[in-house]
Amino acid sequence: MSEYVSPWMNDELAIHREAVARFVEAQMLPNDAQWREQHHVGREIWRKAGELGLLCADIPAQYGGAGGDFRHEAVLYEELHRRGLSGFGQGVHSIAAHYLLNHGTEEQKCRFLPRLASGELIGAIAMTEPGTGSDLQAIRTRAERVADEYLINGSKIFITNGYLAGLVMLVVKTDPTQGAKGLSILIVETKDLEGYRVGRFLDKIGQRAQDTTELFFDNVCVPADRVLGAEEGRGFAQLMSDLPYERAIVALQAVAAMEGALAETLRYVKERRAFGKAIAEFQNTRFELAEAVTIARVARTFIDRCIQQVVEGTLDAVTASMAKWWTTDMQHRVLDECVQLHGGYGYMNEYLVARMYVDARVTRIYGGTNEIMKELIARSL
Ligand SMILES: Cc1cc2nc3c(=O)[nH]c(=O)nc-3n(C[C@H](O)[C@H](O)[C@H](O)COP(=O)(O)OP(=O)(O)OC[C@H]3O[C@@H](n4cnc5c(N)ncnc54)[C@H](O)[C@@H]3O)c2cc1C
């Protein structure tokens with residue numbers, strides 16, 4: 001297949017990619033089976049990634065970040081997801097850091113960002129509740145102002161990095177009489193926090209190395225100065241403004257997964273033989289792969305543009321929604337074909353495409369479901 005290089009790549013990023021690939025191959029890949037078994041990655045891998053400057057790569061150096069831009073982050077997502085490494089919740093960690101960067105007070109940024117960048121704190125974002133996901137305004141977790149604290153009661157579900165998280169960006173109702181304006185984000189440090197409890201590892205069909213859990217808040221108190229941006233009622237607007245960044249990450253991961261699965265499938269069909277020839281020689285294989293690599297290339301071209309727009313600060317919500325629903329739908333379609341071309345081996349967990357196939361299913365659900373993406377696009381028409 002002809003070599004395609006993203007227009008945003010350059011020599012510096014190529015060196016960065018080599019370092020990231022070395023780290024991922026040496027420190028992550030050999031542990032993935034164990035991490036899937038135990039339902040979480042090792043805490044120490046976060047520290048190691050932090051030491052290499054891979055966490056918060058696009059956060060300014062004055063806050064402990066690597067001072068790069070979204071292209072540096074993109075390289076890490078690509079190197080992880082083309083290898084099917086779905087346990088390391090870097091995306092959510094990075095999104096949590098960006099809420100702080102974009103909306104936090106100077107004191108909040110200085111207090112928390114360096115610790116997120118070093119891997120001392122692992123970030124999570126807790127919006128979804130057992131009773132509501134897509135309809136965010138209907139959340140019930142309540143934070144009541146009592147003197148100079150907030151008293152929190154409620155629970156969250158499906159929280160990525162839930163077990164390892166030291167810092168939770170917690171979406172709460174500060175004013176139950178209001179809709180969107182009644183929401184706030186609280187910055188919650190979880191260590192030794194009385195009344196805070198992490199539930200069991202949720203038994204997911206895929207992404208089994210990812211510590212997705214429930215979180216419980218039973219009369220939890222946090223200081224009043226932990227409202228993101230120091231102003232109540234801004235939560236919904238803060239979430240909305242950062243959604244393009246979050247959706248670009250999900251889309252990019254989907255594209256990288258397609259590319260990784262196709263490279264693996266190409267290798268496989270050239271080796272595997274049936275009826276006296278390589279599987280790759282059947283016309284069906286050739287046409288299916290021709291379609292799949294076309295889809296992956298179209299997706300790549302679109303996501304490359306989105307990456308450049310994130311760097312420029314111009315990625316809008318509608319374009320990001322388009323990228324998210326389409327690439328994840330295509331990820332599902334391409335992965336299904338990769339499994340099919342592997343025959344029975346494609347259904348076995350020890351094969352990369354099998355793990356990628358089950359891991360892919362949720363990408364149409366989280367980060368805003370694909371139906372909600374279409375709703376957002378349709379509203380703009
Ligand atoms: C592995 C995993 C990780 C996750 N990580 C996080 C996390 O870190 N933090 C977090 O807060 N949440 C997280 N989530 C939650 C995820 O974002 C929600 O599951 C998702 O937003 C959907 O919400 P729901 O599950 O309540 O489904 P519902 O909102 O109940 O939706 C059910 C179905 O109805 C459809 N639907 C709903 N409303 C409409 C509408 N208006 N028009 C058309 N169709 C509609 C949906 O598209 C879906 O198909 C995660 C989920 C999973 C599975």
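Which residues form one aromatic cluster? Tyr268, Tyr345 and Tyr351 do. Aromatic here concerns rings of Phe, Tyr and Trp (its six-membered ring), which pair if their centres lie within 6.5 Å. The structure holds six such aromatic pairs.

A word on the source. This is a predicted model, where local features need pLDDT of at least 70 and side-chain atom pairs count only at pLDDT 80 or more, while totals for chains, interfaces and linings use all residues. Residues are numbered from 1 along each chain as its sequence is written, and side-chain values use heavy atoms, with hydrogens and water left out.

Staying with rings, let's look at charges. A charge sits over a ring if NZ of Lys or CZ of Arg is within 6 Å of the ring centre and within 35 degrees of the ring normal. Arg197 places its charged end over the ring of Phe216, 4.4 Å from the centre. Lys374 lies over the face of Trp325, with 4.5 Å to the ring centre.

Now the helices. Take α4, residues 70–81. It has twelve residues and reaches 16 Å from first C-alpha to last, close to the 16 Å expected at 1.5 Å a residue. That expected span is 1.5 Å times one less than the number of residues.

How many of α4's residues are buried? Twelve of twelve. Buried means under 20% relative accessible area, exposed means over 50%, and partly exposed is in between (1.4 Å probe, protein chains only).

Next, α5. It has 14 residues and reaches 20 Å, close to the 20 Å expected. Of its 14 residues, 13 are buried. Ser94 has its place in this helix. Is Ser94 buried or exposed? Ser94 is buried, because its relative accessible area is 1%. Contact means heavy atoms within 4.5 Å. Not counting residues up to four places away in sequence, Ser94 touches Asp58, Glu73, Tyr77 and Tyr245.

For contrast, go to α8, which holds Glu288. Glu288 is partly exposed, because its relative accessible area is 25%. Its C-alpha is separated by 30 Å from that of Glu25, 263 residues apart along the chain.

On to the strands. Two strands pair if DSSP finds at least two bridges between them. Start with β4, residues 167–173. Seven of its seven residues are buried. In a regular strand the side chains alternate between the two faces of the sheet. In β4, Leu167, Met169, Val171 and Lys173 lie on one side, with Val168, Leu170 and Val172 on the other. Both faces are covered.

What are the partners of β4? Strand β1 (residues 123–126) pairs with β4 in the parallel sense, over four bridges. There, Ala124 stands opposite Val168. Strand β5 (residues 183–189) runs antiparallel to β4, joined by seven bridges. Met169 has Ile187 in β5 as its bridge partner.

Then β7, residues 213–223. Strand β3 (residues 149–159) pairs with β7 antiparallel, over eight bridges. Ser155 stands opposite Phe216 in β7. That is the Phe216 whose ring lies under the charged end of Arg197. Strand β6 (residues 196–201) also pairs with β7 antiparallel, over four bridges. Phe201 has Thr213 in β7 as its bridge partner. Thr213 counts as buried, because its relative accessibility is 0%. Its contacts beyond four places in sequence include Ile157, Tyr163, Val198 and Phe201.

Last, the cores. A nonpolar core is a set of buried Ala, Val, Leu, Ile, Met, Phe, Trp, Tyr and Cys residues joined through side-chain atoms within 4.5 Å. The largest has 87 residues, and Met28, Phe88, Leu100 and Met169 touch the most other members. Helix α7 gives the most to this core, with 14 residues. A second, separate core of 20 residues includes Ala126, Ile152, Val172 and Tyr196. Back in the largest core, one of those four is Met28. Leaving aside neighbours within four places in sequence, Met28 is in contact with Phe23, Trp35, Ile45, Leu80, Leu85 and Phe88.

Technical notes. Helix = DSSP H or I, 4+ residues; strand = E, 2+ residues; numbered from the N terminus. Phe/Tyr/Trp six-rings, centres within 6.5 Å; stacked < 30°, edge-to-face > 60°.
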